Amino acid sequence: TVSLPVALRTVAAAKTLSFTALTTYESPSKLGPPLVYTTLSQVSVKRPNQLRVLTAGDGPATEVYDDGKTLLAYAPAENLVAVAEAPATVDGALRFLHESAASYFPFADVVVADPYGDIAEGIEVAFVVGQSKVVGGILTDVVAVAVGASFQQIWIGAEDHLPRRLRAIYVHDPSLLRHDLELSNWKVDGDLAEGTFTSAAASAARRIPFARPDPK
C-alpha cells in the first residue's frame, strides 16, 4: 500500500494542479442532531504564487483570485471585492486569508508547498485501514492518522497517489461533528488557460477591506 508521505509529496511536486473539492460538514442545531452543509469548490494552483478558488454552496458564492501580484476575494451576488497585494507564495495567500478574513479552505493541506511536512509535525498515530474500490471509482489505499486534535481517515489512489477523500473528527469537540472532503477531477501538471487567476468582474466590483467576522 502507498504511504501518506508518497501521496502528499506527489501533490507537492506538481507545478500546476486543478481539482474539484466537495466539502460536507456538520454544524450543531437547536434540536440536538447536527445539520449538514455543503460547498463545492473548483480549485486551480500554479506554484509558487497563483491560486483560484471558485466556491458555490449552501450560502453565498465566493471567488478568490491570486495572480501573484494582486489577491482578490469576490462576492458575486453582492458585487463586492476585497483587494490586497498578493503574498509571495500560495501558502502566504492562504495564511493571509485566514488571518485577515477568517477564510479557511478544507483542502489547504493539499495545495501548500509542503503538504506532508505540515501534517507530519503533528502525527501521533498512523495505520493502514485497508483498500477501497468505491471512492472515486478507483482502487484506493485507506489510512488513518491522529494529527494533533484531529482524527483523519484518508483515501489515496493506489496508482496515481492522489488524495481522493478525507474525513476528520476533532477529538476535543464534545459533539464529534464530522467533516468530509471529496477530491475529484484531478489534473496534475496540466495546462491552465490564460487569465485563470484573474477576473474582470471581480476587479470592477465595489471595493471593501478585508475583515474578520468576529463580534465587535
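The model is a predicted one. Its mean pLDDT is 92, and 97% of the residues reach 70 or more. Confidence is highest in strand E5 (residues 70-75), at 98, while helix H4 (residues 115-120) has the lowest value, a mean of 70.

**The sheet**

Let's start with the strands. Twelve of them, 12 strands in an open sheet, follow the order E7-E8-E9-E10-E11-E1-E2-E3-E4-E5-E6-E12, with mixed pairing. At the edges sit strand E7 (123-132) and strand E12 (206-208), each of which pairs on one side only. From one strand to the next, the twist averages 20°.

For a closer look, take strand E10 (residues 163-170) and strand E11 (residues 178-188): their pairing is antiparallel and runs over five bridges. Arg165 has Glu182 in E11 as its bridge partner.

**The helix across the strands**

Helix H1 (residues 4-13) lies across E1, E7, E8, E9, E10 and E11, and runs at about 70° to E9. Which residues of H1 are buried? They are Leu4, Pro5, Ala7, Leu8 and Val11. Seen down the axis of H1, these buried residues fall within an arc of 165°, so they line one face of the helix. The face turned away from that buried side carries the exposed residues Arg9 and Ala13.

| Side of H1 | Residues |
|---|---|
| Buried | Leu4, Pro5, Ala7, Leu8, Val11 |
| Exposed, turned away from the buried side | Arg9, Ala13 |

Conventions: Residues are numbered from 1 along each chain as its sequence is written. This is a predicted model: local features need pLDDT of at least 70, side-chain atom pairs count only at pLDDT 80 or more; totals for chains, interfaces and linings use all residues. Side-chain values use heavy atoms; hydrogens and water are left out. Two strands pair if DSSP finds at least two bridges between them. Helices (H or I, at least four residues) and strands (E, at least two) are DSSP runs, numbered from the N terminus. Axes are lines fitted to C-alpha atoms, for helices over the stretch in contact, and angles run from 0 to 180 degrees between N-to-C directions. Contact means heavy atoms within 4.5 Å. Buried means under 20% relative accessible area, exposed over 50%, partly exposed in between (1.4 Å probe, protein chains only). The arc is that of the directions from the helix axis to the C-beta atoms. pLDDT is the predictor's confidence in each residue, from 0 to 100.
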